[in-house]
Amino acid sequence: MKISTACRAALLGACALTVLAPTQALAAQAPACPNKAVAYLNAQDKQEDTEAAVDTAQRAYNEAKDDQAKLGKTVDTGGKLLRTFHDIYVDSRPVYDAIIKLDKAAQSGDAAATADAAVAEADAAQKVLDGAGQANSPHEEMARTSAKGLIERLRSDAETARKAILAKDVPARKTALDKAISDKAAADKDIRPKRDAYRDCLAKANG
């Protein structure tokens, strides 16, 4: 638990007990090395703060990545829909053009644009199917059935993608996480020399 600045002076002796060997601790009758003690306690506080900051930044990054994955799932469904058109022997160009826009929107992390592009691809695919006439083989009929199912899935994915508004924040949150990790590493590195300096000072003062 973090110790307030106002309470530090009263706890310097107690802090000495934690850094000295037992025989040395018994000799510590009064607070010694106050500046080094406060520096050590400040380093502990900073270590705790940076650890908490990493946890917070990691959660924020994970949330944004989850939303980014929803956009990616929408693109995957759009890609599967396009591939079924290769087995239907109809004009797949409108669907191809639509998924290019879908992929670009998802790459930008724009949830609304991704959802709109997914709906546009679904509409384009449905229009092609509606004008395709009768299937020429059982295989083609199966492909059309699969395409119809993927159109419905793409519409559903679009509604999920529309709510994935944190996807656009992935780069910024990754930067924040990297900084938090770097700050924690620096705090971890800093605490040992502060502790050692305080220990050495106490040893000399009570030696």
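These questions and answers cover a disulfide and an aromatic pair in a predicted model.

Author: Local features need pLDDT of at least 70, side-chain atom pairs count only at pLDDT 80 or more, and totals for chains, interfaces and linings use all residues. Residues are numbered from 1 along each chain as its sequence is written, and side-chain values use heavy atoms, with hydrogens and water left out.

Reader: Why is the link of C33 and C201 called a disulfide?
Author: The S to S distance is 1.8 Å. A disulfide is a pair of cysteine sulfur atoms within 2.5 Å, so C33 and C201 qualify. The structure holds one disulfide.

Reader: What makes the link of C33 and C201 left-handed or right-handed?
Author: The angle about the S-S bond is -90°, and the link is left-handed.

Reader: Which parts does the pair of C33 and C201 tie together?
Author: C33 lies in the loop between α2 (22-27) and α3 (34-85), C201 in helix α7 (residues 170-205), so the tied parts are 168 residues apart in sequence. Helices are DSSP runs (H or I, at least four residues), numbered from the N terminus.

Reader: How do you know whether C33 is buried or exposed?
Author: Its relative accessible area is 11%. Buried means under 20%, exposed over 50%, partly exposed in between (1.4 Å probe, protein chains only), so C33 is buried. C201, at 22%, counts as partly exposed.

Reader: Why is the pair of Y40 and Y198 called tilted?
Author: The ring centres are 6.2 Å apart and the planes stand at 40°. Rings of Phe, Tyr and Trp (its six-membered ring) pair with centres within 6.5 Å; planes under 30 degrees apart count as stacked, over 60 as edge-to-face, the rest as tilted. So Y40 and Y198 form a tilted pair. Y40 sits in helix α3 and Y198 in helix α7, 158 residues apart. Both Y40 and Y198 are buried.

Definitions and conventions:
Helix = DSSP H or I, 4+ residues; strand = E, 2+ residues; numbered from the N terminus.
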